[in-house]
Amino acid sequence: MSGKTPPTLSGKPGLQSYRYRHRQSSVFAWVRGRSMGRGLGPLVDSGRETHCIMTSLYGSMNPADSVTLSTKTHGAAFNLEYSPDGSVLTVACEQTEVLLFDPVSSKHIRTLSEAHEDCVNNIRFLDNRLFATCSDDTTVALWDLRNLNSKVCTLHGHTSWVKNIEYDTNTRLLVTSGFDGNVITWDTNRCTEEGCPHKKFFHTRYLMRMRLTPDCSKMLISTSSGYLLILHDLDLTQSLEVSNYRSLRGKRSASNTDLTMSSCSLSGLRSHQIGTNQNSGKNPSQSCVRMEREAEFPRNSLEVLTPEIPAERDRGNCITSLQLHPKGWATLIRCTSITDDQEWTCIYEFQDGPPVRASAPRCSLCLTHYIEEANVGRGYIKELCFSPDGRLICSPFGYGIRLLGFDSQCNELCDCLPREPTALQEVRTIYSHSDVVLTTKFSPTHCQLASGCLSGQVYLYQPKF
C-alpha cells in the first residue's frame, strides 16, 4: 500500500482536466442529451429510446475488473461510495481503513490506513472533494481529497457505533445516526479543526438506518424491531423531544394490510417551533396538497409504520437496509425475519393522496414490489442500491449480485405501478465473488457498478457486448 498521493490528486490542472473528461463521458448525460435533441443524436421519443438503451446496457453487465489490494489487510468491504462526479470510488473497510480507487482505470489511488480506530461503516461525499466517514469508534471524520495526509476534523457526539451519514444540501447540515439511537446534526458551515457545532435531533430505540429523501423534505428511520419511522415536512434546525415509545419495545402485531400505522402515541413528540413552507413557483396541485398537510400536521410530524412483508405477516422483521429512490418516489428496504431464516427486498411507493386500494389504511407508503432473497451470510447487513435513473435495483445475492427491475423492460416505477403488490423482475444475476457480497453501488455518471464482499474483494461491472 503506497502512502503517496498520485499526481491526479495534487490539486493541479491535471486533476481538473481528469474530472472534465469524467463529466464529458457520462453515459447518463449522453442519453439525456439524445432524448432532448442535443448531443450525438436526433430528437427521439425519450421514453422509448431511454428504456431500450438502459435495458441493453444493464442486461449486458459483466465483471470488468477487481480492484482489491493484494495485501488484504483491510478486512471486509462494508460500504461503497462514488464521488458525485464519478471520478473516485471509496471503500469503507472492516479493519479501520478507507480505500480510494479510480473506477475508470481500476487503479488504486490511496489507502487511509488509520482512518478510524475501529470498523469504518459508511462514507458520504458532501461535494466532489469533501467526504465524511463514520465508525464503530463512535466518531465521524471529515476528509478532503486534495490533502489526504490528515483529517479535516474529527466529530465527537455519539456514544455508540455510528452507522450511516446523510447530508442536507439545503442547510449544509451533516446528519448521522448510530446504535446509541441518536440522530445528530452537524453544522458544516462553522467547521473548524476542533470539529463542528452539533445537536441531538432525534432519538429512538433500536435504530438501524436513517435516510433523507432527495429533496430533504422527509427523514426515514428503520429499526431492528421492524418499524419504519417517517418525519414529514422535515426541519433539521429544530430539535425534537421524544418520550419513550412503548410500542417500539414490544412485539410487532400482525396485520392483514400491506402497511399499517402503529398504535404508538405521539403525545411525547413536541416541536419547539411550528413553521410553514413557501410554495411559490411549484405546481398548484402539489402546493394544495402540501398546504392541506401543513394545516393538519406541524413540521417534523412523526408517522410510525410497520411494513408487512409477503409470507411474513405473522412474524416480525428487522429492517437492516434502507434506501430512497433517486427521484424520491419510493423507499427500498431489505429485511430479515426474527428467526433469521428469510430475507426480503421490498419497494414502497410514497402516497400523497388517498391509498391505491380502498381497503388499505390511509398511510404514506404502499407496497408495490417485492422479492425473496438468498439469505446467505446470516448476521451480516447487505446494502442494496438504486441505479442513478431509478430504473434498476442492485441487491447482494449470495456470492454475487442480482439486478432487479420493476418490469422486464426496465421501465420507470411510475410507468409500471401494479394494482396489487407484484414480484420484482430479475434482469441479470452475476456470481463473481469468492465470499458473501455485503454492499453494492452504481456509479452516478457511468454505466458501472461496484460490489464488495466479506473477504474484502471489490469488483467493478460494465456492459460487455
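1. Two strands are said to pair if DSSP finds at least two bridges between them. Strands themselves are DSSP runs (E, at least two residues), and helices are DSSP runs too (H or I, at least four residues), numbered from the N terminus. In this structure, β6 pairs with β7 (residues 130–135) in the antiparallel sense over five bridges. Within this pairing, valine 120 has serine 135 of β7 as its bridge partner.

2. The model is a predicted one, in which local features need pLDDT of at least 70 and side-chain atom pairs count only at pLDDT 80 or more, while totals for chains, interfaces and linings use all residues. Residues are numbered from 1 along each chain as its sequence is written, and side-chain values use heavy atoms, with hydrogens and water left out.

3. The protein contains five helices and 32 strands. Of its 465 residues, 57% count as buried, that is, under 20% relative accessible area with a 1.4 Å probe, protein chains only; exposed means over 50%, and partly exposed lies in between.

4. Strands β6, β7, β8 and β9 form an open sheet in the order β6-β7-β8-β9, with antiparallel pairing. Because β6 (120–125) and β9 (153–156) each have a single partner strand, they stand at the edges, and one side of each is left without a neighbour in the sheet.

5. Valine 376 is found in the loop between β24 (365–372) and β25 (385–386). Its relative accessibility is 31%, so valine 376 counts as partly exposed.
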